[in-house]
Structure formats: structure tokens, C-alpha cells
Amino acid sequence: MARRRSGDVLEKVNDVCWRIPRQDRIGMRVEGLIYADDRLITDIRDDPAVDQVANVACLPGIQRASLAMPDIHWGYGFCIGGVCATDPEEGGVISPGGVGYDINCGVRLLRSNLDWNEVRPRLRQLVDTLFRDVPAGVGRTGKYHFSPAELRQLLGAGVPYLRTRELATDEDLEYAEAGGFLAHAEPELVSEKAIQRGTRQCGTLGSGNHFLEVQVVDEICDPLAAQVFGLRKDMVCVMIHSGSRGLGYQVCDDALVDLRGVPEAYGIDLPDRQLACAPVNSPPGQRYLGAMCAAANYAWCNRQLLSCQARESFATVFGRSWQQLDMQLVYDVAHNIAKLEEHRVGDRVRPLWVHRKGATRAYPAHHPELPAAYRALGQPVLIPGDMGRASWVLVGQAGSMEQTFGTCCHGAGRRLSRRAAVKQAQGRRIDQELAERGVIARARNWRGLAEEQPAAYKDVDHVVDVVHRADLARKVARLRPIGVVKG
């Protein structure tokens, strides 16, 4: 008899949350919680990602619950949109599946002093210039080349290393999550193969769902928060979504090889071998963490160098320096990462390793890790949608610390696989369809646009509404895409 799916036993907790009870399967140490409303849960029930939420609940040392955001869909090991915090003092594990192959894939937002009316006549020229100057696509290399020795310095220090090369400003460091680097990085644990893959790819966009998008602020929901973040209606912004490229992929691949047989050696019984893991404080656990943090530093540097190129393209088109255009970083957030953070569990605050796989940090006001300018308000939360509808800026709320270890959704979430999206796009011109919506799109090939067409994604407005109602993050501003560069 086929095993019952976890989607069949979901219990409604409230209007925006559903529970997988611990009794769903043998081995669950905590319950599973999925943030979704009645409409979203209809599709989520049938997604194998729900079973992945239950599987993650079996990991040693997991605290509170195995969590999933409303953009949940199937991934490797953990679902995309999955969150798991483990306590090293209770045998807590670290799992590459809880971070993903694209380590520290994330998103950043640059504002400007340009208005939509000023950009509109030059939009096509701007998008063409960005497409020419920003390397995008599978295997593309860029203009920033680092020797192996320089690259290991970059892996160890992150964006502060670029500051020494005058490729970043103090403000770029201040407004990046974690200051643009993780101190646990151990570059010597990154393999030579990973180093080779990363030598010429820092400052490149990549392919898949990565993008550089020119956007215009078309709705302000929280005027005070928008003012603090430097956003106003009709302002033109740039959103950049990319990660650690081939280097991060290789680090994950190397770790999965290193972890073969490790769970069995430590007496860990896993419901899915894709959840390969090791106790945090074990030698293999520490090896993965050191290499993963180094790859995360690479990703922050990648997005920083992409910002440099975007700023240069704007300066070329508008005949003013990027400083004169006030193209400052609003914020940069990671959404494929594991970090050591302090969270209250029960009656005490504990240091936990928080896995966020397709999930974004959403710290509330007064958190000590926030930039001074944002501390009284909360962290900017950046939620990209599809390239035909919208993206969002939110601000972290106290409910995120109480419910989700300071976490929110990271995007709209796929509703069609890439294969299904390509099949649906046969015979269509996605670029022309986007142009009819007022979006100029440039991509290396037809398939790239077909895979990422708007129909492949859930409605980001709906997804964002769930986390807003759940008190994980509050809506600040809606940004409409007007120009898209993809690999």
C-alpha cells in the first residue's frame, strides 16, 4: 500500500498557517508548519515539498518546528522555502540540502534619484547597455579576474576585501546582511576545482531564475518605512538576483561526497538520503561549514561586482556618475544559507544554526545586527516576483522572531517546473508578451525567458499578503518591472 502523503493530514492552525502533526510519521521530532492561506494550500497539498517538510522534522537537534514559507515548492532535500534551526548542544546537525547548491543565492536593491518619466525615453537604451555590459548566461565570465591567491582572500573576507580594492564603499558594507561576509569561512577547505570554477565568474549574473531588473516604485504602503529606506513613488531602482555561481555549486557537490556514510557513522537515521548531514560540532560538519561560509562570501562579492557594473551602465546612459545618480544600496539579503544566530527557545536564548533554503531573513526593529539607520524600524525584506508583475520591499516584524526564527518568504515560488514552463511556451514570443506589459526583456536565448515566464510563478502579491498577515514582515513598497536582463 502506498504511503499516505503529508499533504493529506494538514491541520489548519489559523488563516495563514497549517500544521503537519508529529504523528504523521515515525521519527518526527517536531511538528511541521506551512505558512499559506486557503487558496495557496489547495496547490501546496499535492506538492511533494510537503513530505520534505515532514522529513526535515526528523533531523537531530531541530528546534520548535520544521517550517515552510508560502512560496514552498520541491527542492533537493529541503523544500524551497524551508527553514530549520538546530541546536549544536543537542546534537544538532548541518545539512547541505538545507542551504542548496547555489549557496547564498540572494537579492539586493539599489535605489536612484531618477524618476520613471526621466528614464522612460531611454529605457530601451538602458536595458541594451545593461545587457551588453553585465555578463549573463551559463558559463559566462566577466571582467573581474582574481588569481587563486586573491580569490582565497576574497573567500575569507567577503565584500570587505573588495573594499580594499576600491570596488565597494563603506555604505555597501553597512547595508549588506552580515556586512557582506561570514566569519566562519575557511577558504583552505574550498577545493581546487571550486576555485577554478570561481576564478573568472565573480561579477556575473548566471542563468536560471537569476536576473538584473530595472524597476519603478508604483505603490507605497508604509510611507514612514519607505522614507527610512530612501524609497518614493515613481523612483527607478535596480534589483539584482544572483548567487555563488559554479564555485558554490562545486562546494555543495564536494560536501555531499564528503558526507557519504557520515549519518550512519553517527547513528543518524534519515527518511531521505538527500538530507545528508553531520553533527555541527563533528569534523565533517565543520568542514562543510567552513567551505559553505567561504562560498557565501563569494556570492556577496558577486552581487557587489554586479552592482558596480549596473552603476557604470546607468552612468553611461544618463551622463552622470553613479554617485550623482545616488545609486545607493538599500539592502542585500541572502536566501540560501545557514547562519549561527541567537534565538529564544523555551525559557532561554540559544545559539542555533538556522538553515534558510529559499527563505529570507526578516529581523524586526531593535535587532543589534541591523544597520543603525534601520534599527528603530526593522530590516528591509526584499521579495522578487516574476518578471511580468511585481516585486516587494517589506520590513521585518516581531512575529518573525516568535514564529520563524526571524524568517520570511524569498519570492513568489514556482508553480510550474522549468520543463513544464518551456512546454507551455512553445510557439510563443515571451519577449513580445512582456513588451505588451511594458517590460523590455533581454536574454541569451528563448529558453531562458520561457522557463521564467510569469505563468511559471505564483502571484507574488498573494504570497506577500500571507507573510504580511502572519506578522512576519509588513508591506512597504511594490516595485513594477520595466526592464529585465537574464542569462
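Student: Which elements each supply at least two residues of the lining of the largest cavity?
Tutor: Good place to start, and bear in mind that this is a predicted model. The lining includes Gln52, Ser66 and Gly82, among others. The elements that each supply at least two lining residues are α2 (49–56), β4 (65–73) and β5 (80–86).

Student: And which element gives the most to that lining of the largest cavity?
Tutor: Look for the lining residues that fall within 49–56, the range of α2. Gln52, Val53 and Val56 are among the residues lining the cavity. With three residues, the element that gives the most is α2.

Student: How many residues of the lining of the largest cavity are charged?
Tutor: Let's go through the classes. Six lining residues are nonpolar and three are polar. The number of charged residues there is none: no charged.

Student: What volume does the largest cavity have?
Tutor: Searching the whole structure for cavities of 30 Å³ or more turns up one. The volume of the largest cavity is about 30 Å³.

Student: Turning to the largest pocket, which residues lie nearest its centre?
Tutor: The space in this pocket is about 1400 Å³. Its lining is made up of 50 residues. Those nearest the centre are Ser207, Gly208, Asn209, His210 and Arg418.

Student: Which elements give two or more residues to the lining of the largest pocket?
Tutor: Both strands and helices are on the list. They are β8 (211–220), α10 (245–258), α16 (446–451) and β19 (473–486).

Methods. Residues are numbered from 1 along each chain as its sequence is written. This is a predicted model: local features need pLDDT of at least 70, side-chain atom pairs count only at pLDDT 80 or more; totals for chains, interfaces and linings use all residues. Side-chain values use heavy atoms; hydrogens and water are left out. On a 1 Å grid over the protein atoms alone, a cavity is a set of points where a 1.4 Å probe fits but cannot get out, and a pocket is an open set with protein on both sides within 12 Å along at least five of seven lines; lining residues have an atom within 4 Å of a point. Grid points are joined across faces, edges and corners, and a volume is the space filled by probe spheres set on the points. Helices (H or I, at least four residues) and strands (E, at least two) are DSSP runs, numbered from the N terminus. Ala, Val, Leu, Ile, Met, Phe, Trp, Tyr, Cys and Pro count as nonpolar, Asp, Glu, Lys and Arg as charged, and the others, Gly among them, as polar.
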